[in-house]
Amino acid sequence: MNKKTPPATPRQLDKSDFRRLSTFIHNTFGIYLPDRKYYLLQNRLQPRLKKLGFTSFSDYVDYVLQQDKKGEEVFEMIDVVSTNKTEFFREKEHFDIFQNELLPCFYGQYIKTWSAGCSSGEEAYSLSMVLDEEKQTGRIAGFMVYGNDISQSILNKAVKAIYPFDQAKSIPPNYRHKYLLRSKDKENPTIRIVPKLRAKTRFVWENLVGEHDSMPNDFQFIFCRNTLIYFDQETQLRVVDRLTKHLASGGFLILGHSESLVNRIPKGLKLYSPTIYKKEI
Ligand SMILES: C[S@@+](CC[C@H](N)C(=O)[O-])C[C@H]1O[C@@H](n2cnc3c(N)ncnc32)[C@H](O)[C@@H]1O
């Protein structure tokens, strides 16, 4: 029996529209989409076209680049294009080094920490848990954790701070008891971060490729993990350079385990360990 070839969907991205859109995304948000990401972009955007009633990608790309004067669709588009994978205490060794080696350099101080590219907030709340513990022992005077992202829907999740119950697994047991509320819903159990930590964690829409105007300039710690990986090398260095300006003297920049800048350490930073940099005093 002859198998019929499925009809081509009218909503297919052609190569020139892919290039127009990927160039725009790269210039605006730093995210580098090489040709091999063609299907990813097409598949992630197809539901947007359907929702808005566009039958051709060309029209959609024209709309995003030229007609969407308020820029609203740009935000919707980047929402679906960004990759938001994260978890509590991801790359746990960083949290151990943070608590046991780096934080003691600032004992007695009020600690400001930035989760740059925070996704749904798990990294920021993990930091808040460690910092709250340190505050309770009196080793630090207090703390605030900031988080930023370019995806508004993911930031809304971060602010709500409600997560599937399963995600509690990566949180150390002593923190689970202190910092999580459990839902009573047996079919769809969730956890929520306690109000005390939510009040110490602030989320803002901010583009790392921009000027970071709303962020303080005296962070002792900036965690920018698993975000630079989406940028090309030149953008990575530009972003690291800007982040460095927001570090207090002697402050630390912590990158993801696959994001070392070993052979190209930006001005003003010293290598502390393969993924940790210290701002020169
Ligand atoms: C894979 S998540 C990493 C989350 C967390 N830092 C971690 O390590 O688990 C990367 C996040 O960076 C955000 N992102 C990508 N480009 C960005 C930009 N130009 N400015 C701010 N956030 C960005 C994405 O929306 C995504 O939520």
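Author: In this predicted model, the side chain of Ser119 reaches the backbone oxygen of Asn84 at a distance of 2.7 Å. Ser119 is found in the loop between β1, residues 110-116, and α6, residues 122-136. Its relative accessibility is 5%, and because buried means under 20%, Ser119 counts as buried. Leaving aside residues up to four places away in sequence, Ser119 touches Asn84, Thr86, Asp149, Ile154 and Ala158.

For Asp149, an N or O atom of the side chain is 2.5 Å from an oxygen atom of the ligand. The side chain of Arg90 likewise has an N or O atom 2.8 Å from a ligand oxygen, whereas in the case of Glu123 the distance of 3.2 Å runs from an N or O atom of the side chain to a nitrogen atom of the ligand. Of the 610 Å² of accessible area that the ligand has on its own, the protein covers 99%.

Elsewhere in the model, three strands form an open sheet in the order β3-β5-β4, with antiparallel pairing. β3 (162-164) and β4 (180-182) each have a single partner strand and stand at the edges, so one side of each is left without a neighbour in the sheet. Three bridges join β4 to β5, residues 190-193, and Arg182 stands opposite Ile191 in β5.

How values were computed. Residues are numbered from 1 along each chain as its sequence is written. This is a predicted model: local features need pLDDT of at least 70, side-chain atom pairs count only at pLDDT 80 or more; totals for chains, interfaces and linings use all residues. Side-chain values use heavy atoms; hydrogens and water are left out. Two strands pair if DSSP finds at least two bridges between them. Helices (H or I, at least four residues) and strands (E, at least two) are DSSP runs, numbered from the N terminus. Buried means under 20% relative accessible area, exposed over 50%, partly exposed in between (1.4 Å probe, protein chains only). A polar contact is a pair of N or O atoms within 3.5 Å; within protein, one must be able to donate a hydrogen and the other to accept it, and residues adjacent in sequence count only if both atoms are side-chain atoms. Contact means heavy atoms within 4.5 Å. Accessible areas come from the Shrake-Rupley method with a 1.4 Å probe; for residues, only the protein chains shown count as cover.
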